[in-house]
Amino acid sequence: MNYLEFRNRMFDLGCFNTHQVYAWKPDFDRNNFVRWTKKGLLIRLRQGYYTFPEYKSKPDFALFFANRIYRPSYISLHSALAFYGMIPEAIVQITSVTSLKTASFQNEFGEYEYKSVRKELMFGYDIKPIADGKSLQIARPEKALLDLLYLYPFYNTEQEMEDLRLDEDFLLDELDLRLLEDYLLRFKSKALQKRVNFLKNTYSL
């Protein structure tokens, strides 16, 4: 098989795994993955997952890959807060929540970190469209905040809450406090309730 035939078949997927390739071509030569990666024609995202270098210039595809290379998962925590402009820092890692075990991967698009939660806590995310008809699964602001306070227990004082430097205009104008409380009940965590109280006191919510 030549590369152009392969590219024409796989490119529109955004990223793909080896199982998809073998479902299409059962006799596909696996050495092509190594050869084409060395030539810069493919980018390896993690074991068994690949994309094309053209996607490096497309906005939001680094986030799209986060959903695809470890599933089920959705973008949350610091990455989601940065996506909504709730924290000022540029985020180096792309952070997600998963019901699988905690994992991390590194590739040309960045460092991907996945934090594990119980299956019943896999809720509170939206499907957001991006370029080329693709979409992201990303936590709503309220869920991203709760995921953060739940998975990082050191946020347990007003000083720690201040150090987060959350955007106060967003908190006052756009954060849905009723939704936050509804989501909070589903965690069934007294410790998380206490951290949310610190959050509210710190930012006068």
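A residue counts as buried when its relative accessible area is under 20%. In this predicted model, K143 has a relative accessible area of 0% and is therefore buried. The residue is located in helix 6. Leaving aside residues up to four places away in sequence, K143 touches Y74, S76, L121, F123, G124, Y183 and F187.

Helix 6 itself, which spans residues 141–151, packs against helix 10, formed by residues 190–203. The angle between the two is about 120°, and their axes lie 9 Å apart. Angles from 65 to 115 degrees count as roughly perpendicular and those over 145 as roughly antiparallel, so helix 6 is oblique to helix 10. The crossing of helix 6 past helix 10 is right-handed. On the side of helix 6, the contact is made by L145, L146, L149 and Y150, while helix 10 contributes L192, R195, V196 and L199. Sorted by class, the residues of this contact comprise seven nonpolar, no polar and one charged.

The largest nonpolar core has 70 residues. Within that core, the residues with the most contacts are F6, F16, F52, F65 and L166. Helix 4, residues 61–69, supplies the largest share of this core, namely six residues.

Not counting residues up to four places away in sequence, L166 touches L81, M86, I87, L145, L171, L199 and Y203. Among these partners are L145 and L199, which also take part in the contact between helix 6 and helix 10.

Methods: Residues are numbered from 1 along each chain as its sequence is written. This is a predicted model: local features need pLDDT of at least 70, side-chain atom pairs count only at pLDDT 80 or more; totals for chains, interfaces and linings use all residues. Side-chain values use heavy atoms; hydrogens and water are left out. Axes are lines fitted to C-alpha atoms, for helices over the stretch in contact, and angles run from 0 to 180 degrees between N-to-C directions. Helices (H or I, at least four residues) and strands (E, at least two) are DSSP runs, numbered from the N terminus. Angles under 35 degrees count as roughly parallel, over 145 as roughly antiparallel, 65 to 115 as roughly perpendicular and the rest as oblique. A crossing is left-handed if the near helix is turned anticlockwise from the far one by less than a right angle, and right-handed if clockwise. Contact means heavy atoms within 4.5 Å. Ala, Val, Leu, Ile, Met, Phe, Trp, Tyr, Cys and Pro count as nonpolar, Asp, Glu, Lys and Arg as charged, and the others, Gly among them, as polar. A nonpolar core is a set of buried Ala, Val, Leu, Ile, Met, Phe, Trp, Tyr and Cys residues joined through side-chain atoms within 4.5 Å. Buried means under 20% relative accessible area, exposed over 50%, partly exposed in between (1.4 Å probe, protein chains only).
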